[in-house]
Amino acid sequence: MKHDVVVIGAGVIGVCTALALQQKALHKKAQQILLVDRYKPAAGASFGNAGAIVNGSCVPTSMPGILNDVLKMIFKPHNPLSIRPSYLPKLLPWLIRFMNESRISLAHQNAENLFALSKHSVSAWRELTNETPLEDLLGKGGWLKVYESKNTFNSTLRARELMTQIGTQYEILDRDDIRDLEPNLALIFNYGFFQKDRLNILDPGRLVDGLVEQFLQLGGKFEKFSVEEIQVTPTHHSLKGQGAELLADKVVLATGAASKKLARQMGDSIPLDTERGYHMMFPVATKSLLNRPVVNGESSFVLSPLEAGIRMTSQIEFAGVEGMADYSHIRRLMPEVKRMLPDIELKEESVWMGCRPSLPDSLPVIDFSKRSHKLIYAFGHHHLGMTLGAVTGLLIADLLNTGSSSIDIKPYRANRF
Ligand SMILES: Cc1cc2nc3c(=O)[nH]c(=O)nc-3n(C[C@H](O)[C@H](O)[C@H](O)COP(=O)(O)OP(=O)(O)OC[C@H]3O[C@@H](n4cnc5c(N)ncnc54)[C@H](O)[C@@H]3O)c2cc1C
């Protein structure tokens, strides 16, 4: 049987795409849409993130002065950035491109192109989850960053100026404003900035599972299937794996940080790597201590109040997708968490590591492949996959259904490097 569309990868990007395709199919001809994952939905980065939908986010990771920032970070007691020495030779070409993107003109362009997607994040999530029980998983607390020292706060000036230029809304806060928003934080934070139109997901894994449920209810299908090889024939795509084969008219490749190898089979060499990140969960009772995700700007970690308790997320680790996790990165932050939130019960419920799919310019790849104009890429959403999931899904559905979209996809093309 040939499927109309096979979406490979059931992380937030693949699942939003499958659901958007299925929702749109209801109003057009019935389509056979199959979502596949080598494990299960939300098996990758989409499970354990901080759950912030950062509407209007625009600051790329590679900014002017990045080299200086990296050097400063390396000497911080809780260094949020690490490169596994054995991985450095593999990472080097990516790092060189990443540094190159920090030139003022490129960083500004990348910010505009990121904003062109992220400014639709909240409206796209609303559209995709409208009148479903999933709306209740989207909190309205906003996104708060707090700083102890004037020096650290001032080091965000360039990013804040860029946000102002591009049109991202935020408010500057003082010590009293911070206390009003988050009374349980220790009184050590003197500076902050607040983006109030952000949403916070109360359980990212449950949101992805719920989106799959909606997709199935509308007639979509899910199968556990690991795609190892993609072949293009004049009439279809053949997806091979585990001694089996799936046939598809159109294909969406949404395999997050694992997308590089399959894209290469489709004729595209894409500088995709991974910025790995970690989380630790604290007991369920801790969730009432915060009203929204709060970023500790001094020690570079986030505390997010989720349904299951506070989740701490942190770290950018370059060690490839295959390397073993090193949970010492997240465990060593525990004293800082207690300092920030003195009433927290500092009990480790669980730890986790996930792979952010990252390109040097902080932009995703949303484009048709070189070998097939019926196979489209949707990966590389780095720190913002939860933010950009719904907007990407709706965009890909339009591109596959009509060949065009309201957002210009030129900045996200596969051959831009
Ligand atoms: C610590 C941390 C905190 C974060 N916080 C935030 C946040 O607050 N806000 C935000 O917007 N973003 C955040 N992110 C980023 C976000 O989680 C990711 O950008 C997003 O989850 C990527 O989604 P994805 O669908 O592309 O990839 P994934 O979620 O990794 O999904 C890819 C899927 O593809 C499957 N797959 C891979 N290869 C194959 C194959 N060959 N065949 C079949 N299936 C395959 C995998 O099993 C996986 O399920 C955070 C990330 C981390 C690590």
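Reply:

**The shell around the ligand**

At least two residues of the shell around the ligand come from each of α1 (12–26), β2 (33–37), β14 (273–281), β18 (350–358) and α13 (385–402). Helices (H or I, at least four residues) and strands (E, at least two) are DSSP runs, numbered from the N terminus. The model is a predicted one: local features need pLDDT of at least 70, side-chain atom pairs count only at pLDDT 80 or more, and totals for chains, interfaces and linings use all residues. Residue numbers start from 1 along each chain as its sequence is written.

There are 40 residues around the ligand, and those that come nearest are Gly-11, Gly-44, Gly-256, Gly-277 and Gly-385. A residue is near a molecule or strand if its C-beta atom, placed from the backbone, lies within 6 Å of it. By class, the shell holds 18 nonpolar, 19 polar and three charged residues. Here Ala, Val, Leu, Ile, Met, Phe, Trp, Tyr, Cys and Pro count as nonpolar, Asp, Glu, Lys and Arg as charged, and the others, Gly among them, as polar.

Domain 1 (2–46 + 206–271 + 362–412) and domain 2 (58–112 + 135–197 + 273–358) each give at least three residues to the shell. These bounds come from an automatic or database domain assignment.

**The rest of the protein**

The protein has 13 helices and 20 strands. Its radius of gyration is 21 Å, close to the 22 Å that the globule rule gives for 417 residues, so the protein is as compact as a globular protein of that length. That radius is taken over C-alpha atoms, and the rule is 2.2 Å times the number of residues to the power 0.38. Along the principal axes, the C-alpha atoms fill a box of roughly 65 × 45 × 40 Å.

Of the 417 residues, 50% count as buried. A residue is buried if 20 or more other C-beta atoms lie within 10 Å of its own, exposed if 12 or fewer, and partly exposed in between, with C-beta atoms placed from the backbone.

Helix α4 has buried residues, including Ala-107, Leu-114 and Leu-117. What covers the buried residues of α4 includes α5 (121–129), α7 (157–166) and α13. As stated above, α13 also supplies at least two residues of the shell around the ligand.

Arg-198 is found in the loop between β8 (191–195) and β9 (199–201). With 25 C-beta neighbours inside 10 Å, Arg-198 counts as buried.

Methods
Two residues are in contact if their C-beta atoms, placed from the backbone, lie within 7 Å.
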